[in-house]
Amino acid sequence: MSTLHVIGDPVVHSKSPIIHGAMLAELGVDVRYTAHPVPRGGLEDYLVWAEGQDVIGFNATMPHKEDLLPLLDELDGDAAMYGAVNTVCLQGGRRIGHNTDGQGCLAALEEGEMWPAEQVVVLGAGGAARAVALKLAREGARRVWVCNRTLPRAAELCAQNSAGALTPAGFDVETLAKLCGQAQLLVNCTNLGMEGCPRDFDDLSFLDALPTGAGVFDLIYHPAQTSLLVEARRRGLNTLGGLSMLINQAILALEFFLDCPLDRVRMAQVAGQALKRALD
Ligand code: NAP
C-alpha cells in the first residue's frame with residue numbers, strides 16, 4: 001500500500017488526514033494518508049527515509065513550506081512565485097514541489113461567484129496573503145492593496161510583483177475604510193477571529209465602505225462563521241468562509257499525487273461531509 005503524509009510541527013491537529021482519507025475512500029485506491037510529525041531541521045532525514053519507503057508524496061505545513069525549497073528537484077510556477085511549497089510528489093527518484101494556496105483560493109472565489117474582481121483589499125501579509133495577493137494579481141486583478149499591521153512586511157510582499165499591481169497599506173480602520181470604498185472584494189488572510197487566536201477585529205466599521213454586491217472572503221475555516229463574515233452578511237454583502245479553499249487545495253494536491261484529474265464536484269462533497277462531521 002502506498003502512503004501519503006502531511007508533515008509539520010505541530011501536525012496532530014491537521015485536517016488533511018480527514019479530507020484526504022474521505023477522498024481516497026471514495027476513489028477506492030489503495031493509498032493511505034497520515035499525519036507525520038517532522039521537527040524543524042528534520043526535513044533532509046525525512047526525505048531520505050520517505051524515499052526508501054512507500055511514500056509517494058506529502059503535504060507540508062509549518063515550519064517547512066520555505067525550508068523545503070533547496071531540497072527539491074523541481075518547482076511548479078506557483079511554488080516558485082511564492083517561494084513556498086505545500087505539496088511534494090516523490091516520483092521516479094525526483095522531488096517535485098507545488099503550491100496549491102493561490103489556485104485553491106481562486107477556485108473558492110469562483111465557486112462563491114466573487115471572481116473576477118478588479119480591485120481587491122487583502123488583509124495580512126503572511127504566507128497565505130502572499131499566495132492570495134500574488135495569484136490574484138497574476139490572474140488579472142488590476143489593483144490589490146495589501147493591508148498589514150506590520151507595514152514593512154506588506155511592502156516586502158508587494159515588491160515581489162514586478163507589474164506594480166500590489167500596493168502596501170496600513171491596517172488602521174480609516175485606511176481600510178478608504179480602500180474598501182474602491183474595492184469589489186475583501187480577503188482576510190490574518191489570524192484574527194481564528195479558533196485559538198486570542199484576538200479578533202476590534203472594529204469592523206470599514207465594512208460599511210464596501211459597495212453593494214462586494215464579496216468578503218475569510219480564509220479562516222474554524223469557526224465557520226467568523227465575526228467578519230457575520231458582520232459582512234448583516235450588511236448585505238456576499239460572504240465566503242475558508243472551508244471551500246481548504247477543500248479545493250486538497251483536491252488539487254490529490255490530483256498531483258495521483259497524477260490524474262478527479263471529479264472535483266464529487267470530491268468536494270465527500271471531503272465537505274467528512275470535515276463537517278469532524279468540526280461539528
Ligand atoms: P502567518 O504567516 O502567520 O500570517 C499571519 C498574518 O496575520 C500576518 O499578516 C499578521 O500580521 C496578521 N496578524 C496576526 N495577528 C494580528 C493582530 N492581532 N492584528 C492584526 N494582524 C494580525 O499566517 P498564514 O499562514 O498566512 O495564515 C493566515 C490565516 O489564513 C490563518 O488563519 C490560516 O488558518 C488561514 N489559512 C487558511 C487556508 C485555507 O485553505 N482556508 C489556507 C492558508 C491559511 P503581522 O505581519 O503584523 O504579524
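**Ground rules.** I am working on a predicted model, where local features need pLDDT of at least 70, side-chain atom pairs count only at pLDDT 80 or more, and totals for chains, interfaces and linings use all residues. Residues are numbered from 1 along each chain as its sequence is written, and side-chain values use heavy atoms, with hydrogens and water left out.

**Sheet.** I began with the strand order. Helices (H or I, at least four residues) and strands (E, at least two) are DSSP runs, numbered from the N terminus. Six strands make an open sheet, ordered β2-β1-β3-β5-β6-β4, with mixed pairing. β2 and β4 (74-75) are the edge strands, each pairing on one side only. I took two strands as paired if DSSP finds at least two bridges between them. Strands of a sheet pair through backbone hydrogen bonds, either parallel or antiparallel.

**Strand β1.** Next I looked at β1 (residues 2-8). Is this strand buried or exposed? Six of its seven residues are buried, so β1 is largely enclosed by the rest of the structure. Buried means under 20% relative accessible area, exposed over 50%, partly exposed in between (1.4 Å probe, protein chains only).

I then checked both partners of β1. Seven bridges tie β1 to β2 (residues 31-37), and the two run parallel. Ser2 sits opposite Val31 in β2. From β1 the chain passes through helix α1 (residues 16-27) to β2, a right-handed β-α-β crossover. Right-handed means that, with the strands pointing away from the viewer, the path from the first strand over the helix to the second runs clockwise. Towards β3 (residues 55-60), β1 has five bridges, again parallel. There I found His5 bridged to Phe58 and Ile7 opposite Ala60.

**Helix α1.** I tested the length of this helix. The expected span is 1.5 Å times one less than the number of residues. For the 12 residues of α1 that gives 16 Å, and the end C-alpha atoms are 16 Å apart, so the two agree. I listed its buried residues: Ser16, Ile19, His20, Ala22, Met23 and Leu24. An α-helix has 3.6 residues a turn, so residues three or four places apart point the same way. The cover over the buried residues of α1 includes β1, β2, β3, α9 (243-258) and α10 (264-279). Gly28 follows α1, with a positive phi near 70°.

**Helix α5.** Nine of the 12 are buried, and the helix is mostly covered. Among the buried ones are Ala129, Val132, Leu134 and Leu136. Gly140 follows α5, and its phi is positive, near 125°.

I picked out Arg130, which is in α5. Arg130 is buried, at a relative accessible area of 18%. What does Arg130 touch, not counting residues up to four places away in sequence? Arg130 touches Glu66, Tyr82, Gly83, Ala84, Leu157 and Gln160. Contact here means heavy atoms within 4.5 Å.

**Glu139.** I moved to the loop between α5 (127-138) and β8 (143-147), where Glu139 lies. Glu139 is partly exposed, with a relative accessible area of 38%. Leaving aside neighbours within four places in sequence, Glu139 contacts Leu106 and Trp115. I also took its C-alpha distance to Gly181: 22 Å in space, for 42 residues in sequence.

**Strands β8 and β9.** Four bridges join β8 to β9 (residues 166-169), and the strands run parallel. Trp145 has Thr167 as its bridge partner in β9. With helix α6 (residues 151-158), β8 and β9 make a right-handed β-α-β unit.

**Ligand.** I finished at the ligand. How many residues surround the ligand? There are 23, and the closest are Ala128, Asn148, Arg149, Thr150 and Arg153. The cut-off is one heavy atom of the residue within 4 Å.

A polar backbone atom of Ala125 is 2.9 Å from a ligand oxygen. For Gly127, a backbone N or O atom lies 3.1 Å from an oxygen atom of the ligand. For Gly242, a backbone N or O atom lies 3.0 Å from a ligand nitrogen.

Technical notes: A polar contact is a pair of N or O atoms within 3.5 Å; within protein, one must be able to donate a hydrogen and the other to accept it, and residues adjacent in sequence count only if both atoms are side-chain atoms.
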